Amino acid sequence: MIRTNDTKMIGFFLMGYSDNRELQILHALLFLVMYLLALVGNFAILTITTLDQHLQSPMYYFLKHLSLLDVSFLSVTVPQSIDNSLMDNAYISYSQCILQVFFFTSLAWAEVAILTVMSYDRYVAICLPLHYEFIMDSRNCKLAVIAVWLSGSISGILYTAATLSITFCKAKIIHQFFCDVPQLVKLSCSNDYLGVIGVAAFMSVVAFACFISIALSYIHIFSTVLRIPSAEGRSKVFSTCLPHLVVVSFFLSTGACAYLKPTSDSPSAFDLMLSVFYTVIPPTLNPIIYSLRNETMKGALVKLLLGGEFTGKKACLLC
């Protein structure tokens, strides 16, 4: 059996998909296309929300950080997976794996946090419009973003410290395309993985609290929207809230299903596809969802593509 010191030298083998060379190339090409689409879309949002003076309200400020998180989140796992498939080499070193654990868990939790902040921002804008400028002033928005990134770092540190305490003595084969924490836990043959279970339980409780907060925000939002007499007013509110609700529901549901369901020694195709649904699909679709459902974003995107100048006053709040 190989103990911890050997593990640090030998590393792991990521056996997420088929050993068939043609399927490996197809996997690499699909991931490359999705990665490039995500980069283009999210960098477009970063550009227009930074340069366009019409998009300087808190909603677009948080959207800019969501796009930054999406790009970072994808870059932690997808490039490594593409390289492994193209080079026909599933090996990943111990240090690379630990770094993946830290950045993946940090950015995943930061995504949950920023989505929670964005739901609260929409709640205040729609349900408490007269207090919006006071509650969501620039200082509070900056503090909220700092809390998002700080909470993500704390999550990453906790998961990484717990993972480092594991003694790996089974075959160093991870049935995933990245170093996923549940798969690493399966490689332990002692009780030292209980630290990871404890961290996961704590973060699950906090994530559930975020989910309840998001759900309550949207209950208040939709009850308020349904009382708006103007159909045009309801349409404008739904155009900004529905995309966010879709993103939140998709990300949290697939992530919870992947992390809460029991892991098996031989994961099915469903398990592998589920991991793609919460690691690759949301960051790729976020720019499309926000751009196609938001008239202001579509106008700014057209202006960017046509080389127009971003001038004007700040956007009015959706009240």
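This is a predicted model: local features need pLDDT of at least 70, side-chain atom pairs count only at pLDDT 80 or more; totals for chains, interfaces and linings use all residues.
**Helix packing and a nonpolar patch**

Residues are numbered from 1 along each chain as its sequence is written, and side-chain values use heavy atoms, without hydrogens and water.

Two packed helices are described by the angle and the distance between their axes. The axes of helix H3 (residues 58-87) and H6 come within 11 Å and cross at roughly 20 degrees. Axes are lines fitted to C-alpha atoms, for helices over the stretch in contact; angles run from 0 to 180 degrees between N-to-C directions. H3 passes H6 in a right-handed crossing, meaning that the near helix is turned clockwise from the far one by less than a right angle. Helices are DSSP runs (H or I, at least four residues), numbered from the N terminus.

H6 also carries surface. Leu143, Ile146, Leu150, Ile154, Leu158 and Phe202 make a nonpolar patch of about 560 Å². Patch residues have over 30% relative accessible area and no salt bridge, with nonpolar side chains joined within 5 Å. Helix H6 (residues 138-164) gives the largest share, five residues. Ile154 lies in H6 and is partly exposed at 45% relative accessible area (buried is under 20%, exposed over 50%, partly exposed in between; 1.4 Å probe, protein chains only).

Now turn to H5 (residues 132-135), which holds Glu133. Glu133 is exposed, at 64%. Glu133 and Ser57 are 76 residues apart in sequence and 9.8 Å apart in space, C-alpha to C-alpha.

Conventions
Helices (H or I, at least four residues) and strands (E, at least two) are DSSP runs, numbered from the N terminus. Patches are made of residues with over 30% relative accessible area and no salt bridge: like charges are joined within 9 Å, nonpolar side chains (Val, Leu, Ile, Met, Phe, Trp, Tyr) within 5 Å. Accessible areas come from the Shrake-Rupley method with a 1.4 Å probe; for residues, only the protein chains shown count as cover. A salt bridge is a side-chain nitrogen of Lys or Arg within 4 Å of a carboxyl oxygen of Asp or Glu.
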